[in-house]
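Hi there,

Here is the structure I promised to pass on to you. Have a look at it first, and then read on for what turned up.

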Amino acid sequence: MKTEVTNWGKYPIKKAELIAPSSPSGFIIPSGSHPFIARGMGRCYGDSALSEGIVSTLNWNKLLHFSPESGLLICESGVTFEDIIRVFLPKGFFLPVTPGTKFITVGGAIASDIHGKNHHSEGTFSKHVEWLEILTPQGNRARCSRSENAELFNATCGGMGLTGIITQVAFRLKKVETAYIRQKTVKAKNLDHLLDLFEENKDYTYSVSWADCLSKGNKLGRGILYLGEHASLLELPEKLRRHPFKIHNPGKLSVPFDFPSFALNPLTVKAFNFLYYHKAPGRPFENVVHYDPYFYPLDAILHWNRIYGKRGFTQYQFVIPMEGGREGMKKILGEIADSGQGSFLAVLKVFGKEEARHLLFPSEGYTLALDFPVSEKVFRLLDRLDAMVTDLGGKIYLTKDVRLKSETFRNMYPVDEFKPFMDTRVFASEQSERLFT
Ligand SMILES: Cc1cc2nc3c(=O)[nH]c(=O)nc-3n(C[C@H](O)[C@H](O)[C@H](O)COP(=O)(O)OP(=O)(O)OC[C@H]3O[C@@H](n4cnc5c(N)ncnc54)[C@H](O)[C@@H]3O)c2cc1C
């Protein structure tokens, strides 16, 4: 029987054979007429976790071993970041790298080799992985690490599920004294100011900014920088010290239905950007905040992806090198502002040094992520942005992509280097069919 499946952007919708094996041990890929792809929480935005056949890992949710001395956790690949926080934060451990949602699996974190607000200081998720076990296209279970099957390890971290299904992972959690973040908020009047602030504050573990992508002229790229450090017990206000490891509550707010398409238009987005910018205090501001609103502000509203309406949305995230990056970012922001298609969620970060490998996304430079409702007009804008990003020597993030063209993809990633790790008869996604042909 076929089931309709869609990822976080709600576009496209795929009718697929969806299987959810109860355990990874003994599981083999059903032989048949179509390939499969692994799927965790489906928090990638586009079509990377969609295929004719889908293997959901959500039943592979066992924690297998934990060492409080080293922080090393061994678990099945369908364990979610939310599960990990609930179990290990009260013991004084937190995720080494986390994206902007806790509703993802460990397998998905490795397949996209996710980055967080600490990329410049602590790298991508795979940097904290000791080893992983994968079910390969040949039907073998291979254990791989930096010293054992190293090439398969390198291709799998960021490999978008195309090298096989990750079944088990060993990675290190980091020790924290509390569940709170010491946050500093600084306002920037334009892009140059914002990028200078990143540079001045690069010793902070966490840094991320929101940029107003609809402002123009000398306000182009104005934004708000959020810096953070894990707070020590002594840094907590008295009343928080009694429960220093308070866990997040389940989200109570929910978007109950798809919004009508007129609800989000250039005017509402412009109004949002104006209010958001002006609500932040003019002077740098320090406070202590809980990890949940700091790392996962959008998780508080369940099904927030419905605000883009039935047609769905896509997130466009690119990175461009530092050299020529400031001017390049200005041109790209200018193109977006002129198009009037701006997004109210525009997240700008600076990535640290990273050795290029296979389909890994982060590389040293400036990265911007923007949400757009799906439409022909938006896709034409994104094609223009692709050309600008390619000219600047940049690339786009596959876990957010749903429309990149294969010739552009080839200019961004070393396709021939990665291909030997694929067997598209066994593992392929809608995205790989589009990009690798
Ligand atoms: C609100 C929000 C904020 C986000 N913020 C960030 C961010 O700051 N940084 C960032 O890097 N990403 C971010 N993301 C993207 C998200 O972290 C990635 O898409 C992540 O891979 C999703 O994990 P998942 O378990 O939902 O995987 P899915 O979406 O189900 O799958 C994603 C990819 O991983 C593969 N995969 C999943 N499980 C396995 C497995 N066991 N073995 C092999 N391959 C597998 C799939 O085939 C697919 O290619 C964000 C997403 C959302 C919705």
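This is a predicted model: local features need pLDDT of at least 70, side-chain atom pairs count only at pLDDT 80 or more; totals for chains, interfaces and linings use all residues.

Strand 1 (residues 3-5) pairs with strand 2 (residues 14-19) in the antiparallel sense, through three bridges.

Now to the ligand. Which residues come nearest to it? Of the 33 residues around the ligand, they are Gly40, Pro99, Gly107, Gly108 and Gly161. Strand 3 (36-39), helix 2 (106-111) and strand 10 (165-172) are the elements that each give two or more residues to this shell. Sorted by class, the shell holds 17 polar, 14 nonpolar and two charged residues.

As for the chain as a whole, it has 13 helices and 21 strands. Its radius of gyration is 21 Å, which agrees with the value near 22 Å that a compact globule of 437 residues would have. Along the principal axes, the C-alpha atoms fill a box of roughly 60 × 55 × 45 Å. Buried residues make up 47% of the 437 in the chain. Among contacts with a separation of 6 or more, 75% are between residues 24 or more positions apart.

Happy browsing, and do write back with any questions!

Best wishes

Notes:
Residues are numbered from 1 along each chain as its sequence is written. A residue is near a molecule or strand if its C-beta atom, placed from the backbone, lies within 6 Å of it. Helices (H or I, at least four residues) and strands (E, at least two) are DSSP runs, numbered from the N terminus. Ala, Val, Leu, Ile, Met, Phe, Trp, Tyr, Cys and Pro count as nonpolar, Asp, Glu, Lys and Arg as charged, and the others, Gly among them, as polar. Two strands pair if DSSP finds at least two bridges between them. The radius of gyration is taken over C-alpha atoms; the globule rule is 2.2 Å times the number of residues to the power 0.38. A residue is buried if 20 or more other C-beta atoms lie within 10 Å of its own, exposed if 12 or fewer, and partly exposed in between; C-beta atoms are placed from the backbone. Two residues are in contact if their C-beta atoms, placed from the backbone, lie within 7 Å.
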